[in-house]
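Hello,

Here is the structure I promised to pass on. Please have a look at it first, and then read my notes below.

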Amino acid sequence: VALSVTGIAGPAGGGPDKPVGLVHFSCQRRDLPQIQDKLSNFWSPQRSVWRRSRARPMASPVRLAVYDISHGWARVLSPFLFCKRIELAPHTSILIFGREYFWGGGIQKCAHEDFVEQFGAPPVEIVELGHTEITEDLFHDFILTVSTRYTQSTYDLLKNNCNAFSQECAQFLLGQSIPGHILAAPEIVMRSCLGRSALALLALS
């Protein structure tokens, strides 16, 4: 199927035969011998013609589920370990299309209730990130495209973790970032003497 749209958007350029707001839709199917046409007039001084004539899919809400993998210990121990309080050790996932998408040994999805049961605790916060017009099929194509960057072998506790995956999803779906304090948490660890020592030991192991 081939689709096309043209017309007079305004505010100038129209005439008696082609007034501002005139939109011409055309559709050609391979199995039909002729083009199917439709003329409509979408003129409105309060709203642009192109916004009224283009097809808009229903927007889907995008939410960020934030879990504390330390189960409260990060807030208690971080001042002693890193000389700065970290409220939580964040694990995040994306809630969209009735599923929870996360990185755990690979990109996975499941029902939110199933993930909560598996994790053993509800999220400490669910952040409303916004609404997207990206379709579920297009999002799944995106997941396939980035899947090689999020495998068990590419995991890095501080630089390439579940929050990096959530960040890339948010950028794709909404063109925006997840909350900054989640992305900044690894920096606090890396700047501390104890954190650098622990990382050095992990590198040697």
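Which residues have the most contacts inside the largest nonpolar core? They are Leu64, Ile94 and Phe139, in a core of 22 residues. By nonpolar core I mean a set of buried Ala, Val, Leu, Ile, Met, Phe, Trp, Tyr and Cys residues joined through side-chain atoms within 4.5 Å. Buried means under 20% relative accessible area, exposed over 50%, and partly exposed in between (1.4 Å probe, protein chains only).

Before going on, two notes on the source: this is a predicted model, in which local features need pLDDT of at least 70, side-chain atom pairs count only at pLDDT 80 or more, and totals for chains, interfaces and linings use all residues. Residues are numbered from 1 along each chain as its sequence is written, and side-chain values use heavy atoms, with hydrogens and water left out.

Two or more residues of the core come from each of strand E4 (60-68), strand E5 (90-96), strand E6 (99-103), strand E8 (125-132), helix H4 (136-146) and helix H5 (162-174). Helices (H or I, at least four residues) and strands (E, at least two) are DSSP runs, numbered from the N terminus. A second, separate core has eight residues, including Phe102 and Phe115.

Not counting residues up to four places away in sequence, Phe139 touches Ile96, Phe97, Tyr101, Ile134, Cys169, Phe172 and Leu173; contact here means heavy atoms within 4.5 Å.

E5 deserves a look of its own. Seven of its seven residues are buried, so E5 is largely enclosed by the rest of the structure. Pro90, Thr92, Ile94 and Ile96 lie on one side, with His91, Ser93 and Leu95 on the other. E5 pairs with E4 in the antiparallel sense over six bridges (two strands pair if DSSP finds at least two bridges between them), and Ile94 is the bridge partner of Leu64. With E6, E5 forms a hairpin that has two residues between the strands, and Phe97 in the turn has a positive phi of about 55 degrees.

There is one salt bridge (a side-chain nitrogen of Lys or Arg within 4 Å of a carboxyl oxygen of Asp or Glu). Glu168 forms it with Arg149, the closest N and O atoms being 2.1 Å apart. Glu168 lies in helix H5 and Arg149 in the loop between H4 and H5, so the pair ties together parts that are 19 residues apart in sequence.

Best wishes
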